[in-house]
Amino acid sequence: MKTMHPRLRELAFTLRRFLKNPLSVIGLSLVVIFGLIALLAPVLEPPKYADPYKIPHTGFHIEPSPPSAAHPLGTMQQQYDMLYGLVWGTRSAFRIGVLVVAANLFIGIILGVLAGYFGGLVDEVIMRITDIFFAIPFLVMAMALVVAIGRGLKAVVVVLIILGWPSYTRVLRSDILVTRGKDFILAARASGASHLRIMFTHIVPNALYSVLILASLNIGTTILTAAALSFLGLGSETGTADWGQIISLCRSWIVGTPGNRFAYWYTVFIPGFVISLFVLGWNLMGDAVRDVFDPRMRRR
Amino acid sequence: MVLVLIGVSLLVFTMMMLLPPGQRVAIYVTNDRVSPAMMDALIAKYGLNDPAPLQYFRWLRNLLHGEFGYSITASSPVLKGFARFLPVTLELVLYAAPLIILTGIFLGTLGAVRKDTAMDHVTRVLAIVGFSLPTFWLGLLLMMIFYGFLGIFPPGALSTDVRNIVFSDPTWHPYTHLVTIDAILNWRWQVFWDAFYRMILPTLNLVVINSALIMRLMRSSMLEALGQDYMMTARAKGADRKTLFRRHARRNAMLPVITISGITFAELMGSMVITETIFDRKGIGWWMAQAALQLDVAAIMFDVLFLGTIYVVVNLVVDLIYAYVDPRVRLS
């Protein structure tokens, strides 16, 4: 066998471990499939209006109709096409998830680094602020804040950004406290490196893994919270391709007709199933990434 | 802890200040229709255009005097509405919380003890599913199957007949306002059964979603405990399997579970908002959702303050329990 660069060998080892676990493979495949659906949304379901996130509907008839040739997954209340809603809803979920988690990461990392590296008063102030954010149940605070800044999908995104960063700050800070005292940091300081340089070339890369694992697990939670807010009627408007909104359109149809008690099962079952698969994918992948990267677990 | 509470009040106040004064007036008035001229007068009367710090201290003073304003969704002062909604939520928590903890610990332990058997796989799948299912979807599915298809477990906290007994029968004594407990004290089995019956589905919903975190943590910390040296010592001294698992492994494995029970509580509050909305139980969570939809500022802010305070207290209690249970902390 050809000798590989140690870094490449390590990567190959990591990859092999990742692919050996069937759950990780399922998680990865789910995320990839959803990613493809989101990317190819304009091809899979060409938009009918200028705003592609508006679901086309044929008529205003209130009763959902079962899957048919024209509507492969049936229609929701008011004849919104289910398949269209779910496909563009996937795109919307990716946009929300990635945007929110990226913003959370950005804020969380900067504050975590400041707190962990400088310590003292800066640390005290930042950590007390995170304490306050942790002192109120998440969904409850998100609801109140959405009401305060005005309802809508944009408000939901802003709220999730404002509320989501403290967990990253906490994790990063405690990681940095461990790294800060290590010899290689002292060496860097002795050789005259600036604070900024030490922070971003020595400290952050070493503490980054735990934060990234948290981020991958949090995409699922973020989507669940956004969907819950939309379900409660605080998110997007009726007819928007947004998963929570779609489920809230379907919630009145749990009781079927007298002859067929499961008459509307598709309208209740399908959208929630799609959300669950999406969240499941990210959770499995987050777990897998942790198992692979965590040095305590990986060599087992 | 006091510092955190002050922080929470500041945060709630800041959220409130994001609203225009016209909407904040709603906290003080009982009437929906207010003319523009009256609006200005009211804004001036309650000083809603004053500097923020002044308003904060005035608001805080009102809170400490128990004046929380008027809630349109409860159509009564906030505290009165609260007294009406709290027992409904409390009762559900009373049944769901112990079940969540017991299910989590039991299945987590089972998974670790029988690692890599079918039992282990089943509990792991359960935990992952509980993690990934949206609370509102599971609730709707349960309703569709049990109420829609089988015609059992109807939504709502009480049937009409029983409501009549609880709210207008002169021989009914509401000792605790928790219907199932009052029913036993009043010796009214029909009432007990009705209230209990309608609590089954919401409880199931909460247990499936909220025991997942405990289950996962219990499994991994139990596995860690089983691999420790003291386990081998105990085995070498001839302890049987039962003693090994119960006295040596599980006791140690419980410690991390105690630390996260605060988080479980917060998640339970979140699921409560959704569960009560879906199963039409008029408790704090339902109230919160209604208030958010109808811009009932007084109710929302009160609920956030209340839940924040409770959560801070719960975390304190968790710390105390931890200190008591862990001999390393207790004896140092």
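1. Helices here are DSSP runs of H or I with at least four residues, numbered from the N terminus. With that in hand, chain A of this predicted model reads simply: from the N terminus on, its elements run α-α-α-α-α-α-α-α-α-α-α-α-α. That comes to 13 helices and 0 strands.

2. A word on overall form. The C-alpha trace of chain A spans about 80 × 60 × 35 Å along its principal axes. Of the 300 residues in chain A, 45% are buried. Among the chain A contacts with a separation of 6 or more, 68% join residues 24 or more positions apart.

3. Confidence deserves a look before you zoom in. Chain A has a mean pLDDT of 84, with 97% of its residues at 70 or more. Helix H7 (residues 153-164) of chain A has the highest confidence, at 92, whereas helix H13 (residues 295-298) of chain A has the lowest, at a mean of 56. Where pLDDT is low, predicted coordinates should not be read in detail.

4. Now to the place where the chains meet. Chain A brings 39 residues to the contact and chain B brings 42. On the chain B side, the elements that give two or more residues are helix H1 (2-17), helix H6 (118-132), helix H7 (135-149), helix H13 (241-278), helix H14 (284-293) and helix H15 (297-325) of chain B. H7(B) gives the most to that side, with 10 residues.

5. What is the make-up by class of the side of chain B that touches chain A? This side has 34 nonpolar, 7 polar and 1 charged residues.

Terms used. Residues are numbered from 1 along each chain as its sequence is written. Chains are lettered from A and ligands numbered from 1 in the order in which they are written. This is a predicted model: local features need pLDDT of at least 70, side-chain atom pairs count only at pLDDT 80 or more; totals for chains, interfaces and linings use all residues. Two residues are in contact if their C-beta atoms, placed from the backbone, lie within 7 Å. Ala, Val, Leu, Ile, Met, Phe, Trp, Tyr, Cys and Pro count as nonpolar, Asp, Glu, Lys and Arg as charged, and the others, Gly among them, as polar. pLDDT is the predictor's confidence in each residue, from 0 to 100. A residue is buried if 20 or more other C-beta atoms lie within 10 Å of its own, exposed if 12 or fewer, and partly exposed in between; C-beta atoms are placed from the backbone.
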